[in-house]
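Subject: Structure handover and findings

Dear colleague,

I am passing on the structure below, together with notes on what was found in it. Please read the notes with the model open beside them.

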Amino acid sequence: MFVSKLRLLRTAIFVVCCGTLWYFSRKTELLTKPWTLVSTTRTMTPNDLHNEKGHEPLNCTVRLAEPGTFPLVALLSSPGSGNTWVRNLLQQATGFYTGSVYHHGGLADNGFIGELEDAQLGTTLTMKTHLIYYRITPASPEINVTAAIIIIRNPFDMTLSEKNRETSKSQVGITSWYDDIRHNNSKLLVWKKYAVFNAQKYMGRPISWMQLGIPYIIVHYENIIKDTIGEVKRMTDFLNVSYAVTEERIKCLQKNTEGNYLRTSKDKKKMYEMFTEDLKKTFIGYMKGLSQYLPESQPIPWQSCFSPLLGNIPNISSIEPLYDPLLKFPPKVQT
């Protein structure tokens with residue numbers, strides 16, 4: 001018995017040591033890699049790298065800050081809401097890496113070096129998280145956040161984006177998951193439960209953070225699409241890093257507003273058809289529930305939330321607000 005326990009202990013120590021060595025060797029490799037535009041995820045052409053006036057090379061490199069430079073600010077969103085895209089925008093605009101609680105190796109390989117950092121060190125601008133606040137434990141990094149940028153995307157597109165990520169196992173992948181569901185009643189029921197769950201968290205996740213009493217701003221995905229530069233500046237103002245957003249950095253941002261983390265699909269109509277009339281009403285109910293909490297200055301951009309591919313939209317005024325059943329507090333209108 002003692003011998004087998006000793007073997008288990010040795011094995012555990014070996015695994016931990018190997019994992020630690022891999023982490024630091026991988027981090028060193030990525031930090032010393034000769035990136036040209038380290039936070040971008042596409043190959044830059046010579047035309048991309050030159051100013052329009054004097055044809056001087058743009059300095060679009062991104063770096064880690066010194067430890068303790070930045071406070072711990074959460075970049076919160078529901079999965080499928082464009083968190084990685086927003087990180088790319090912030091990195092382009094400021095020249096500083098953003099971090100994450102997930103340490104995703106694939107993102108690190110594509111230039112998001114902040115993925116490998118402990119976000120609590122203060123070397124990264126923000127910390128990506130999807131964690132709903134009532135699930136946070138004392139051991140969670142989120143427990144120490146001082147402020148939050150809360151990204152909200154309409155639940156229709158958010159749900160489709162997350163479904164494609166789950167089925168493709170990729171940040172940008174798309175599959176024909178809907179073909180397998182459309183004519184299968186049992187799978188259709190599973191899809192509806194999945195969709196409603198996502199709508200609940202669309203509503204509950206932001207509110208769980210808004211009730212913490214820490215500074216926050218609401219950033220709507222649809223508004224970033226309409227006014228990318230304006231919304232990025234609003235976020236950098238909130239982060240107190242406006243000094244880093246120079247004319248040159250704005251040009252870097254304009255050269256690479258999309259990155260490689262936006263999905264495109266030729267079969268969007270088939271995906272939107274998965275939202276039945278009852279699902280549309282349910283989703284709008286959770287949107288109305290969330291809208292009761294949002295500051296008047298940051299309301300839901302309703303007109304931008306409904307793709308024409310959704311078809312008929314139910315009468316919004318006739319639908320009652322819905323709330324995440326796990327939220328422990330009554331509705332409260334923010335001012």
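A polar contact here is a pair of N or O atoms within 3.5 Å, where, within protein, one must be able to donate a hydrogen and the other to accept it, and where residues adjacent in sequence count only if both atoms are side-chain atoms. The model is predicted, so local features need pLDDT of at least 70 and side-chain atom pairs count only at pLDDT 80 or more, while totals for chains, interfaces and linings use all residues. Residues are numbered from 1 along each chain as its sequence is written, and side-chain values use heavy atoms, with hydrogens and water left out.

Serine 100 belongs to strand β2, residues 99-100 (helices, H or I with at least four residues, and strands, E with at least two, are DSSP runs numbered from the N terminus). Serine 100 counts as buried because its relative accessibility is 1% (buried means under 20% relative accessible area, exposed over 50%, and partly exposed in between, with a 1.4 Å probe and protein chains only). Neighbours within four places in sequence aside, serine 100 is in contact (heavy atoms within 4.5 Å) with Arg87, Gly114, Glu115, Glu117, Met127 and Lys128.

Serine 291 sits in helix α11, residues 277-291, and counts as partly exposed because its relative accessibility is 29%. The side chain of serine 291 reaches the backbone oxygen of lysine 288 at 2.7 Å, and, with neighbours within four places in sequence again left aside, serine 291 is in contact with Ile300 and Trp302. Between serine 291 and methionine 203 the C-alpha to C-alpha distance is 8.8 Å, although they are 88 residues apart in sequence.

Counting as a disulfide any pair of cysteine sulfur atoms within 2.5 Å, the total comes to one disulfide. Cysteine 60 and cysteine 252 form this disulfide, with their sulfur atoms 2.0 Å apart, and the link is left-handed, at -90° about the S-S bond. Cysteine 60 lies in the loop between α1 (2-32) and β1 (73-77) and cysteine 252 in helix α9, so the pair ties together parts that are 192 residues apart in sequence. Cysteine 60 is buried at 3% relative accessibility, and cysteine 252 is buried at 1%.

In helix α9 (residues 247-255), the buried residues are Arg249, Ile250, Lys251, Cys252 and Leu253, and among what covers them are α2 (83-94) and α8 (228-238).
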